[in-house]
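Q: Before the features are discussed, may the sequence and the structure be shown?

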Amino acid sequence: NVTGKISSGRGFVRADGHDYVSVSGLMGSSANVTLSGWASLTSRDTRGAHILNIGDNLGLNLDDAVVGSYGFAYFNAAWNHTTNNAFYAGTGWHYLTYTFDDAGNVQRFYVDGVQVASTAFTPSINYALGTSTYIGAHPNNNRDFDFDGSIDEVRVASSVRSAGWILTEFNNQNSPSSFY
């Protein structure tokens with residue numbers, strides 16, 4: 001009786017703070033990237049809950065105690081966070097999207113198809129940390145970011161999706177009964 005956002009028992013992760021999925025590689029290490037996925041966070045860990053990490057270079061995090069939820073990218077010796085200062089533990093499924101537009105020097109964070117934050121930052125992503133992609137955990141086994149809840153339909157695109165595309169994707173996936 002396990003149910004994901006899109007379909008029962010098909011291709012989603014149920015994490016209890018100790019479970020995760022690891023995929024070898026950094027998904028192509030693209031300069032322009034869109035990360036997205038559905039998440040239902042039961043409770044947050046000390047520093048939030050990682051949904052998706054491309055190495056420790058790029059990712060999605062929910063419910064950091066200080067800054068809320070965000071997308072992030074690594075630049076040389078620091079991480080740039082695009083945050084919305086909101087918390088989602090215990091509020092059900094949410095569709096989260098983070099875009100990194102290297103050419104336009106802008107990063108955007110969306111929740112449920114709506115842009116909630118943006119930052120302007122000129123450096124490119126520095127793919128220097130880690131060699132694998134993780135769903136539901138920090139890539140360096142940092143237990144402060146464990147995910148306790150469910151994750152579904154995680155996607156990585158090597159292009160920047162438009163706001164219209166993201167909203168359409170949210171609407172299509174939010175009522176998936178016509179697909180199955």
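**Reading the fold, the pocket and the salt bridges**

A: Among contacts (heavy atoms within 4.5 Å) between residues at least 6 apart in sequence, 68% join residues at least 24 apart. This is a predicted model, in which local features need pLDDT of at least 70, side-chain atom pairs count only at pLDDT 80 or more, and totals for chains, interfaces and linings use all residues. Residues are numbered from 1 along each chain as its sequence is written, and side-chain values use heavy atoms, with hydrogens and water left out.

Q: What share of the residues counts as buried?

A: A residue is buried under 20% relative accessible area, exposed over 50%, and partly exposed in between (1.4 Å probe, protein chains only). By that scale, 48% of the 180 residues of the chain are buried.

Q: How is the largest pocket to be read, and what is its volume?

A: On a 1 Å grid over the protein atoms alone, a pocket is an open set of points where a 1.4 Å probe fits, with protein on both sides within 12 Å along at least five of seven lines; lining residues have an atom within 4 Å of a point. Grid points are joined across faces, edges and corners, and the volume is the space filled by probe spheres set on the points. The largest pocket has a volume of about 200 Å³. Its lining comprises 13 residues, of which Arg47, Tyr70, Trp79, His81 and Phe145 are the closest to the centre. Strands β6 (68-75) and β7 (78-83) are the elements that each give two or more residues to this lining, and β7 gives the most, with three.

Q: How many salt bridges are counted, and which residues do they join into one network?

A: A salt bridge is a side-chain nitrogen of Lys or Arg within 4 Å of a carboxyl oxygen of Asp or Glu. The count is two. Arg155 pairs with Glu153, with the closest N and O atoms 3.0 Å apart, and also with Glu169, at 2.2 Å from N to O. The latter pair links distant parts of the chain, 14 residues apart: Arg155 lies in strand β12 (residues 148-157) and Glu169 in helix α1 (residues 163-174). Through shared partners, Glu153, Arg155 and Glu169 form one network.

Notes. Helix = DSSP H or I, 4+ residues; strand = E, 2+ residues; numbered from the N terminus.
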